[in-house]
Every structure is written in C-alpha cells, then in structure tokens.
Amino acid sequence: MGAYIYYRTADVKEADRAMALLMEIEENKLLLDKGWGVGVNSQEDIDWAKKEFPHMVDSMIRDQGRGEYKVSGWDAEEELGISFEAFLERLTVIFEKLNEDVEMKYLYGSCAFGGSYFSQSQIERITQEGELFSNK
C-alpha cells in the first residue's frame, strides 16, 4: 500500500513521446539515477516484456501510456539529500513540464492528492487547476 499518483497520456499514441520527455527533464534525472524516476509504460516496456516475460505482454499493451508513482515510503533526505517537501516540489515540477508537451490525465482519486502529501497549490499546478483530472 501507499500513496500513489495515477496518471496517463490522454492519447496512448503519445506514450513513447511522454517517456522520452521524462528521460530529458532535469528534475527527473536525479530520480532516475536513484531508481525513483517518473515514467509511463511505453513501447520499450512492451518490447522488453516480449523478450523477458511474454505472459505480461497483454497487460503491458493495455497499460501503455499509463504510469503510477508511489509518493510515500521514500526517505528523500537519506536517498536524495533533500527534504521530503523538496522531493514533492521536484515531482510537481516534473509533472508540470510533462504537461507542457503531452496532454496528460491524473486520476482524481489518487491517494497522493488527498492532502497528506502534496499541498493544494502543488495539486493545482500538477492538474492545471483540476482541468487534467480524470475519473479513469
């Protein structure tokens, strides 16, 4: 269990572009280096599943363009050398930058948006004042 943000590209055809962009966002690079990076399921994941875990291919295709990020359970200070608040702000900036180039949707019921993690201001920045919320 934990507090997650669930998100997806509005158009599954944008999955590869979204992942490529996430790999280039400076704020995400440190997280990627530590194994905490933000990502979406892309064609690369489907290709990997075909080679390594063929039984997973159907679910990888179904989840193409989707992502989930576990916000809880990290010790940002120990692992990244930043406060948890700075970690949440870094995630906010990553999602803001992603939103600039790819139309994204964020699940309204994501537990990380419940008020115990992101501030209301950060939620509004991530979801463009709620415009990017989705119920699926």
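Tyrosine 7 sits in strand E1, which covers residues 4-9. This is a predicted model, so each value here is computed from predicted coordinates. Is tyrosine 7 buried or exposed? Its relative accessible area is 3%, and because the cut-off for buried is under 20%, tyrosine 7 counts as buried.

Not counting residues up to four places away in sequence, tyrosine 7 touches a run of residues from Gly65 to Tyr69, namely Gly65, Arg66, Gly67, Glu68 and Tyr69. Val38, Gly39 and Val40 are also touched by tyrosine 7, as are Phe95, Met104, Lys105 and Tyr106. With glycine 39 there is a polar approach: a polar atom of the tyrosine 7 side chain lies 2.6 Å from the backbone oxygen of glycine 39. Leucine 132 is 125 residues from tyrosine 7 in sequence, yet the two C-alpha atoms are 9.6 Å apart in space.

Serine 134 belongs to strand E4 (residues 133-134). With a relative accessible area of 10%, serine 134 is buried. Its side chain makes a polar contact of 3.3 Å with the side chain of arginine 8. Leaving aside neighbours within four places in sequence, the contacts of serine 134 are Arg8, Lys105, Tyr106, Leu107 and Tyr108.

| Residue | Relative accessible area |
|---|---|
| Tyrosine 7 | 3% |
| Serine 134 | 10% |

Helix H6 runs over residues 84-101 and has 18 residues. At 1.5 Å a residue it should span 26 Å, and the end C-alpha atoms are 27 Å apart, so the two figures agree. Its buried residues are Phe87, Leu88, Arg90, Leu91, Thr92, Val93, Ile94, Phe95, Leu98 and Asn99.

The largest pocket holds about 320 Å³ of space. Which elements give two or more residues to its lining? They are E1, helix H3 (43-52), strand E2 (66-70) and strand E3 (104-107). In total 21 residues line the largest pocket, and Gly39, Asn41, Arg66, Gly67 and Glu68 lie nearest its centre.

As for confidence, the protein averages a pLDDT of 94, and 99% of the residues score at least 70. Confidence is highest in helix H1 (residues 15-24), at a mean of 97, and lowest in helix H5 (residues 76-80), at 89.

Conventions. Residues numbered from 1 in each chain as written. Predicted model: local features only at pLDDT ≥ 70, side-chain atom pairs only at ≥ 80, totals over all residues. Heavy atoms only, no water. pLDDT = per-residue confidence, 0-100. Helix = DSSP H or I, 4+ residues; strand = E, 2+ residues; numbered from the N terminus. Buried < 20%, exposed > 50% of the residue type's maximum accessible area, 1.4 Å probe, protein only. Contact = heavy atoms within 4.5 Å. Polar contact = N/O pair within 3.5 Å; in protein donor to acceptor, adjacent residues only side chain to side chain. Expected span 1.5 Å × (residues − 1). 1 Å grid on protein atoms, 1.4 Å probe; cavity = no way out; pocket = protein on both sides within 12 Å on 5 of 7 lines; lining within 4 Å. Points joined across faces, edges and corners; volume = space filled by probe spheres on them.
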